[in-house]
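Colleague: Could you take me slowly through this model, one question at a time?

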Amino acid sequence: MKSILEYFNKPLLKVSMVFGLITGLLAFAFFLGLYALGIVPLGNNKVMDMGIHVIMIAGACWYFRKKIGNGFLHLWEALTIGYVVNTIAAFINGWLIYLFITYIDPSVFTNYLAEMGSLLEQGKEELVKNIGNAEYLKMFASIQAMDPSEIITDEISKKTVMAIIPILIISLIFRKQDYGVFHNKP
């Protein structure tokens, strides 16, 4: 047990995990804000919480560079921070949403499924033309058979894909390495 705690006692992981926890809680607060406004908080409306992820990833890179890296941040450190913050945040947010739609208000999930079904119905003609009726019916059935627990994996997978470009850009912006070793003259 002690070796596990020592493994997570590294500043790179501690900073990333703390920022990831805060980001997950902020993203869940965004979900609750949408819910309080009467907007279906799942689906296309929820995508806007990616802005919270981007801001907090940038904040984590800045903090690590300023406080721990003494003004320096390698590209691999920034990439690690970005992906750990994003993954931890998506995991926590996914679980909190799952608990909310399971124990507090299941109608959020049923409204989400109804909205997804109606969106699919609106584009039925185009979808049938492109993928065929059998695939369309399979897609429609998969939406109707969706389980609330799929929200967790859906959150993690979507946030991972959506964060690739922002994490790369943030990492390139915040990286600063000491190249002084190459300028030493004998």
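Colleague: Which residues of helix H8 are buried?

Modeller: This is a predicted model, and a residue counts as buried when its relative accessible area is under 20%. An α-helix has 3.6 residues a turn, so residues three or four places apart point the same way. The buried residues of H8 are Ile151, Ile152, Glu155, Lys159, Ala163, Ile167, Ile170, Ser171 and Phe174.

Colleague: Against which helices do the buried residues of H8 pack?

Modeller: Contact here means heavy atoms within 4.5 Å. By that criterion, the partners of the buried H8 residues are helix H3 (50-68), helix H4 (75-104) and H5.

Colleague: Which element gives the most residues to the lining of the largest pocket?

Modeller: The largest pocket holds about 240 Å³ of space, and its lining is made up of 14 residues, of which Gly43, Lys46, Tyr112, Asp154 and Lys158 lie nearest the centre. The elements giving two or more residues to that lining are helix H5 (107-122) and helix H8 (150-174). With 6 residues, the element that gives the most is H8.

Colleague: How many lining residues of the largest pocket are charged?

Modeller: Sorted by class, the lining of the largest pocket has 7 nonpolar and 2 polar residues, while the number of charged residues is 5.

Conventions
Residues are numbered from 1 along each chain as its sequence is written. This is a predicted model: local features need pLDDT of at least 70, side-chain atom pairs count only at pLDDT 80 or more; totals for chains, interfaces and linings use all residues. Side-chain values use heavy atoms; hydrogens and water are left out. On a 1 Å grid over the protein atoms alone, a cavity is a set of points where a 1.4 Å probe fits but cannot get out, and a pocket is an open set with protein on both sides within 12 Å along at least five of seven lines; lining residues have an atom within 4 Å of a point. Grid points are joined across faces, edges and corners, and a volume is the space filled by probe spheres set on the points. Helices (H or I, at least four residues) and strands (E, at least two) are DSSP runs, numbered from the N terminus. Ala, Val, Leu, Ile, Met, Phe, Trp, Tyr, Cys and Pro count as nonpolar, Asp, Glu, Lys and Arg as charged, and the others, Gly among them, as polar. Buried means under 20% relative accessible area, exposed over 50%, partly exposed in between (1.4 Å probe, protein chains only).
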